Amino acid sequence: MTITGSRGALSGKRIMVTRAKSQVRELVEKIEHLGGEAYAFPLLKMVPPSDTSKLDKTIRQLGTYDWIVFTSVNGVRFFLERMKMLGVGLDAITSKLAAVGPKTAEVLIAEGLSVEVIPSDYVAEGLLSRLHDQLLPGQRVLLPRADIARKLLPKELAELGMDVTEVDVYHTVIDAQLAPEAASQIQQGKIDVILFTSSSTVTHFVSALAPFEAPGWLDQVRIACIGPITAETARQHGLVVQVVASEYTVDGLLDALIENLGGNSHGTNI
């Protein structure tokens, strides 16, 4: 997807980016391309699991799985990196591969792997819908995921009769060292928009900034979420969400924000 906004569509807006450190740069560059000023407040760090015994055992038994389902770019990267560290080649992957969306699929394809299933709506529900007719009861499905991943996918796959193995390939930990500075930026009215690209960033944002909260401090700030699941998490934490992307990607989020700022009533204004 290409962002539809013009080069100056975010001119004059200062936008807080709350993605993980490893993912901040892409979003910052896109905001700057659109004329906005990005303020990076990376809240998350992705680290390998402290105990890799289950992951290592799984990698050594890759030939026993019918499907491997990847639900994030980070899941792919950490999984393939661990394979490399163990000296297990990509030819050990003989199962069919499914990816939650094009970005995740791109990382696999770049490694020369084929992806059988890519849904169009970038969430577990869409992945389940696309997989449904291709799965056979009793097939073994491997889910390499984050430790905080939603439980919907393994639950639904198990109900379809799949033999599901979940394995943590990375852990998401909070990184709140910039919280005092970020809170000061908001309190001084220097932030126009806060972007949330996952439920975990919302949760960690609320946790990290709780000590600095003040009455009405977010009243003049737009809250923009990458999709309805993230938006619902924000609302559960008491945040007022003005923008929800209809396509659950970074470009979709920026498109929705541009529409909201322009007052386009048929777009993603919430």
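Let's start with a charge over a ring: R140 lies over the face of Y65, at 4.3 Å from the ring centre. What you're looking at is a predicted model.

**The mixed sheet**
- Another open sheet, also built from five strands, goes β3-β7-β6-β4-β5, and here the pairing is mixed.
- This time the edge strands are β3 and β5 (96-99), and each pairs on one side only.
- On average, neighbouring strands of this sheet are turned by 25° against each other, direction ignored.
- Seven bridges join β6 to β7 (residues 163-174), and the two strands run parallel.
- L143 has E166 as its bridge partner in β7.
- Helix α4 (residues 102-110) lies across β4 (67-70) and β5, and runs at about 145° to β5.

**Aromatic pairs**
- How many aromatic pairs does a search of the whole structure find? The search turns up four.
- One of them is F41 with F205, an edge-to-face pair at 6.4 Å centre to centre, with 70° between the planes.
- Which parts does this pair tie together? F41 lies in the loop between β2 and β3 (44-47) while F205 is in helix α8 (residues 199-209), so the pair links parts that are 164 residues apart in sequence.
- Both partners are tucked away: F41 counts as buried at 0% relative accessibility, and F205 is buried too, with a relative accessible area of 2%.
- F70 and F79 make another edge-to-face pair, because their ring centres are 5.6 Å apart and their planes are at 70°.
- Are F70 and F79 buried or exposed? F70 counts as buried at 1% relative accessibility, and F79 counts as buried at 0%.
- Ring pairs also link F41, F196 and F205 into a cluster.

**T230, in a helix**
- You'll find T230 in helix α9 (residues 228-236).
- Is T230 buried or exposed? Its relative accessibility is 6%, so T230 counts as buried.
- Setting aside neighbours within four places in sequence, T230 is in contact with F196, T197, S198, S199, V202 and C225.

**L135, in a loop**
- L135 sits in the loop between α5 (124-131) and β6 (140-146).
- With 9% relative accessibility, L135 counts as buried, because the cut-off for buried is under 20%.
- Not counting residues up to four places away in sequence, L135 touches W67, L157, L160 and M162.
- Take L160 from that list: L135 and L160 are 25 residues apart in sequence, and their C-alpha atoms are 8.3 Å apart in space.

Technical notes. Residues are numbered from 1 along each chain as its sequence is written. This is a predicted model: local features need pLDDT of at least 70, side-chain atom pairs count only at pLDDT 80 or more; totals for chains, interfaces and linings use all residues. Side-chain values use heavy atoms; hydrogens and water are left out. Helices (H or I, at least four residues) and strands (E, at least two) are DSSP runs, numbered from the N terminus. Buried means under 20% relative accessible area, exposed over 50%, partly exposed in between (1.4 Å probe, protein chains only). Contact means heavy atoms within 4.5 Å. Rings of Phe, Tyr and Trp (its six-membered ring) pair if their centres lie within 6.5 Å; planes under 30 degrees apart count as stacked, over 60 as edge-to-face and the rest as tilted. A charge sits over a ring if NZ of Lys or CZ of Arg is within 6 Å of the ring centre and within 35 degrees of the ring normal. Two strands pair if DSSP finds at least two bridges between them. Axes are lines fitted to C-alpha atoms, for helices over the stretch in contact, and angles run from 0 to 180 degrees between N-to-C directions.
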